[in-house]
Amino acid sequence: MLRNGFTLVEVVVVMAIIATLMVIATLNFREFSRKCGIENQTKMLYVDLMKLRSHALFERQHHAVKLTPTLFAIYSSHEASGEPIARRHLRYPITNSEIVLNFNERGLLDGSFGRSICTSDDASPAAYDSLVVFTTRIQMGKREHGGACVSSSIRTN
């Protein structure tokens, strides 16, 4: 007997296999997308802070940064008040309620030593999800699982 085409059972089995593979691919893509977004935001914050530090040094002028959970604002004076000269909305919120970083005219951070900036998710799949801002340098790192957003809980390279 000559057979043309596929049976209904064969078509249903192939459709079920394709649907299962699509679900797995979608879940993996979501996690990959989230991981890349957190890493990109961390790198963006790093670059902006380094750029601001160098502007403070070369212009011999104080600059301030205010970080809230969803906003990154840059100010052209030592006070983080008034209208910022630049503003970025953060897609992935940071854990701290509000951080103000002041860079003096030498490009050094005024105030406390080892300020940490972390994304709000403890189980972040990203390779970099935190920044540690010291008086003289800024480092990217990965927060240890379950660790608080403090410099001792962040593994830097």
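This is a predicted model: local features need pLDDT of at least 70, side-chain atom pairs count only at pLDDT 80 or more; totals for chains, interfaces and linings use all residues.

Residues are numbered from 1 along each chain as its sequence is written, and side-chain values use heavy atoms, without hydrogens or water.

Helices (H or I, at least four residues) and strands (E, at least two) are DSSP runs, numbered from the N terminus. Strand 1 (residues 63-68) has five of its six residues buried, that is, under 20% relative accessible area with a 1.4 Å probe and protein chains only.

| Partner of strand 1 | Sense | Bridges |
|---|---|---|
| Strand 2 (residues 71-75) | antiparallel | five bridges |
| Strand 4 (residues 99-103) | antiparallel | five bridges |

Leu-67 has Phe-72 in strand 2 as its bridge partner, while Val-65 stands opposite Leu-101 in strand 4. Strands 1 and 2 form a hairpin, with two residues between them.

A cavity is a set of points on a 1 Å grid over the protein atoms alone where a 1.4 Å probe fits but cannot get out, and lining residues have an atom within 4 Å of a point. The structure holds one cavity of 30 Å³ or more, and the largest cavity has about 40 Å³ of space. Helix 1 (8-59), strand 6 (115-118) and strand 7 (130-133) each give two or more residues to its lining, with helix 1 giving the most, three residues.

Methods. Buried means under 20% relative accessible area, exposed over 50%, partly exposed in between (1.4 Å probe, protein chains only). Two strands pair if DSSP finds at least two bridges between them. On a 1 Å grid over the protein atoms alone, a cavity is a set of points where a 1.4 Å probe fits but cannot get out, and a pocket is an open set with protein on both sides within 12 Å along at least five of seven lines; lining residues have an atom within 4 Å of a point. Grid points are joined across faces, edges and corners, and a volume is the space filled by probe spheres set on the points.
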